[in-house]
Amino acid sequence: MRKIGLATIAWWVPHAVYAHGAPPEAAAPSWTFDPWIVAPLITFGLMYSIGRLVLATKGRKRIWQDVVCAAGWLTLVGALVSPLHWIGERLLSFHMIEHEILMAVAAPLLVIARPVGALLWSLPRRLRLTIGRAMRHVLATKLWAFSSTGRNATLLHGIAIWAWHAPALFDAAVGNILLHRLQHLSFFLTAILFWWSVFRRSDTGSAAWHVFVTMLHTSILGALMALAPHLLYRQQADAAAVWGLTPLEDQQLAGIIMWVPAGTIYAGAALALIALWIRRAGQDRERTDALHAS
């Protein structure tokens, strides 16, 4: 455990970077330079900044939106580029932290920020109009309407989580860079879809229910990992001893991270939505009573 603490302190010390994490002989946590991750992050940041500057010249200034978007972007960098990713390739528990940041922190922040408008305004007018027409195409709107409903988005997100945590598929993703990228992408995109359905598509009561269901099934998965009497994931087992953990202890810690801290985020979101639902219901009742009284 002492080694994990020292490694955590060293997270923000830059080291040499490689295509997909540091080489096996690297002794200290290092920053990760994967062009397939860094290029989209830089592109997103530049496009959003340009788009917001263009919108600012038109008098559309939303500082809170920029702050939330920046926070979401920085959490993505922290999960995918910082030394957290390096450690996550060696310890299942830190790998789980990386996943939870993608799904339960970065995704809802970006959904709240609604960056699509700024991204479109960063493009030349003709390209912007072409993409806008494509987004309004009947097939695109029908597909989005179907997949972003609360039930379907919750189901798709749940399938992605459970499928990728099947031992054979999870171990394959750890050992294969293409599968690893696909795993992270599916986690993130289905999380975006899920949180969009929660914040933008569903009424408050239904949104609270879908968040609660997600908290419930992810907590069950975390509990299964934490309480399993034998090792489920073997791809990272050999590295755990270097960090003062047995492979089973690393797996149990990963399960607890999914079960408790991540579950707390979902529970907090569900409780906030329930409180908002009750408040709105009370306000609607007061309006109804006032109308009847008049």
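**Salt bridges in a predicted helical model**

Glu89 is buried, with 18% relative accessible area, where buried means under 20% relative accessible area, exposed over 50% and partly exposed in between (1.4 Å probe, protein chains only). The model is predicted: local features need pLDDT of at least 70, side-chain atom pairs count only at pLDDT 80 or more, and totals for chains, interfaces and linings use all residues. Residues are numbered from 1 along each chain as its sequence is written, and side-chain values use heavy atoms, with hydrogens and water left out.

**Figure 1. The Glu89 and Arg90 pair.** The side chains of Glu89 and Arg90 form a salt bridge with an N to O distance of 3.7 Å; the term denotes a side-chain nitrogen of Lys or Arg within 4 Å of a carboxyl oxygen of Asp or Glu. Arg90 is buried, its relative accessible area being 13%. Glu89 is likewise buried, at 18%.

**Figure 2. The Arg181 and Asp34 pair.** A salt bridge joins the side chains of Arg181 and Asp34 at 3.0 Å, N to O. Arg181 belongs to helix 11 (residues 177-201), whereas Asp34 sits in the loop between helix 1 (2-9) and helix 2 (35-57), so the pair ties together parts that are 147 residues apart in sequence. Helices (H or I, at least four residues) and strands (E, at least two) are DSSP runs, numbered from the N terminus. Asp34 is buried, with a relative accessible area of 1%, while Arg181 is partly exposed at 23% relative accessibility.

**Figure 3. The Arg52 and Asp66 pair.** The side chains of Arg52 and Asp66 meet in a salt bridge of 2.8 Å, N to O. This pair links distant parts of the chain, with Arg52 in helix 2 and Asp66 in helix 3 (residues 63-80), 14 residues apart. Arg52 counts as buried at 9% relative accessibility, and Asp66 is partly exposed, with a relative accessible area of 23%.

**Figure 4. The chain that surrounds these views.** The protein chain contains 15 helices and zero strands. Of its 294 residues, 44% are buried. Among contacts (heavy atoms within 4.5 Å) between residues at least 6 apart in sequence, 73% join residues at least 24 apart. The accessible surface of the protein chain is about 15700 Å², and 71% of this area belongs to carbon and sulfur atoms. Such areas come from the Shrake-Rupley method with a 1.4 Å probe, and for residues only the protein chains shown count as cover. A search of the whole structure finds three salt bridges.
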